[in-house]
Amino acid sequence: MHLIKELPKVDLHLHLDGGILPSTILELAAASGASLPASGTEGLLPYMQVDANCESLVDYLEKFNFVLPFLQDRESLKRAAFEIVESAAADNCIYIEVRFAPLLHIHKGLTVPDAIRSVIEGLNEGEARYGVKARVIAICMRHQPIDDNLEVVRAAALFLGKGLVAVDLAGDEANHPPARFREVFALARQLGIPYTIHAGEAAGADSIEEAIEGLGAVRIGHGVRLRENPALLEVVLARQIPLELCPTSNIQTKAVSGWADYPIRDYWDRGLLLTVNTDNPTVSGTSMTGECEALAERFRFTIEELASLMRNALNVAFLPANEKAALREEFDRRLSALGIAI
Ligand SMILES: O=c1[nH]cnc2c1ncn2[C@@H]1O[C@H](CO)[C@@H](O)[C@H]1O
Ligand SMILES: [Zn+2]
């Protein structure tokens with residue numbers, strides 16, 4: 001559809017390690033002397049991106065193992081963060097929240113605060129260069145010990161309002177239900193750090209309910225399986241708890257069986273507060289433009305509806321009110337320059 005590329009966009013659910021470019025891995029490997037299973041970007045892509053054989057979230061998560069060994073020092077983290085902003089700028093994003101799990105980047109001597117600092121530095125450089133506002137969400141990982149996740153939350157508190165805006169919980173949802181992490185998110189609450197939680201992707205509505213009621217999440221990562229509990233759907237609707245939908249990823253992980261069954265139009269018509277995001281541009285082979293095009297083609301989302309999804313994202317961003325207001329002004333200016341009225 002006309003104007004989708006130009007539409008100002010907001011990506012609230014974007015994993016740093018899911019958006020590494022194959023060309024960057026080639027360069028990082030060359031610099032460190034590491035050997036790779038392929039010599040060019042095309043040959044590397046299958047190691048970094050899922051294909052039609054992806055059967056589950058566990059299959060999907062396997063792709064991250066390929067890139068993580070290259071992201072264990074300050075410079076590579078900083079570079080990855082900078083490049084995420086660069087790609088977002090090419091997609092006409094005006095604001096992105098980039099999430100990453102510090103515990104996955106401390107295998108060669110970095111500390112958790114070092115890792116967070118490096119990502120913030122890269123995002124700041126990207127923001128200065130490209131004018132895309134970029135903030136960090138630190139992720140706790142479901143398969144990691146509680147104590148280590150508590151350390152992530154404590155480190156996140158050091159950077160709150162200084163480049164970091166929130167914490168999250170990600171990883172293998174089906175085998176690690178959210179209830180085990182109550183203590184971790186109680187600490188986040190105590191420290192005043194807002195949080196979103198991945199739920200309702202590889203597990204059903206119970207997981208969403210626990211994320212909201214048990215853990216106190218103010219946004220839900222994915223939440224696409226919410227329809228499995230109509231009563232809970234009513235609660236999420238009434239409280240206008242935002243869902244960070246990632247359509248392409250949700251279909252690849254089999255959270256939803258296919259595009260025909262993807263519930264976004266139904267959720268939208270019911271008035272749920274929806275945002276649309278990439279999740280992992282490289283792993284999923286997508287972009288914000290790609291996600292918007294899919295919604296336009298498959299569900300007849302108009303450019304005005306797509307713009308409303310982006311405005312929803314601005315409204316629920318983990319930013320102070322004054323920064324949000326400034327971004328909303330920029331957003332409205334860019335929309336009116338395109339002749340889009342919502
Ligand atoms: O859609 C998802 N659901 C759950 N976990 C995910 C998803 N995408 C990525 N990660 C996990 O988050 C880590 C830090 O970015 C990634 O390494 C991956 O394990
Ligand atoms: Zn995710």
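User: Which residue in strand 2 is the bridge partner of Asp11?

Analyst: First, the conventions. This is a predicted model, in which local features need pLDDT of at least 70 and side-chain atom pairs count only at pLDDT 80 or more, while totals for chains, interfaces and linings use all residues. Residues are numbered from 1 along each chain as its sequence is written, and chains are lettered from A and ligands numbered from 1 in the order in which they are written. Strands (E, at least two residues) and helices (H or I, at least four) are DSSP runs numbered from the N terminus, and two strands pair if DSSP finds at least two bridges between them. Here, the partner of Asp11 is Ile96. Lys9 stands opposite Cys93, also in strand 2.

User: In which sense do strand 1 and strand 2 pair, parallel or antiparallel?

Analyst: The pairing is parallel, over five bridges. Strand 2 also pairs in the parallel sense with strand 3 (residues 133-141), over six bridges. Within strand 3, Lys133 is the bridge partner of Tyr95.

User: Why is strand 2 described as largely enclosed by the rest of the structure?

Analyst: Burial is a neighbour count: a residue is buried if 20 or more other C-beta atoms lie within 10 Å of its own, exposed if 12 or fewer, and partly exposed in between, with C-beta atoms placed from the backbone. Strand 2 is largely enclosed because eight of its eight residues are buried. Strand 1 (residues 9-15) is mostly covered, with seven of seven residues buried.

User: Where does UniProt place the feature "binding site"?

Analyst: UniProt positions are given in the numbering used here, feature names are shortened, and annotations may be inferred rather than shown by experiment. The unreviewed entry places this feature at His13, His15, His198 and Asp279. These positions spread over 267 residues of sequence, yet they cluster in space, with a largest C-alpha distance of 12.0 Å. The unreviewed entry also lists residues 8-332 as "domain: Adenosine deaminase". The end C-alpha atoms of that span lie 9 Å apart, and the span is 50% helix and 14% strand.

User: What does His13 touch, not counting residues up to four places away in sequence?

Analyst: Contact means that two C-beta atoms, placed from the backbone, lie within 7 Å. On that basis His13, in strand 1, touches Gly221, Glu244, Cys246, Asn277 and Asp279. His13 counts as buried because it has 27 C-beta neighbours inside 10 Å. His198, in strand 5 (residues 196-199), is also buried, with 27 C-beta neighbours inside 10 Å. The contacts of His198 beyond four places in sequence include Asp168, Glu173 and His222.

User: How many residues surround ligand 1?

Analyst: A residue is near a molecule if its C-beta atom, placed from the backbone, lies within 6 Å of it. The shell has 18 residues, the closest being His15, Leu61, Phe64, Ala101 and Ala170. Helix 3 (57-62) and strand 2 (93-100) each supply at least two residues of the shell.

User: Which residues have the most contacts inside the largest nonpolar core?

Analyst: In soluble globular proteins, nonpolar side chains tend to be buried together. A nonpolar core is a set of buried Ala, Val, Leu, Ile, Met, Phe, Trp, Tyr and Cys residues joined through C-beta atoms within 7 Å. The largest one has 107 residues, and those with the most contacts inside it are Val98, Ile116, Val119, Val136, Val167 and Leu306. Helix 15 (residues 303-316) gives the largest share, eight residues. Beyond four places in sequence, Leu306 touches Ile4, Leu7, Cys292, Leu295, Ala296 and Phe301.
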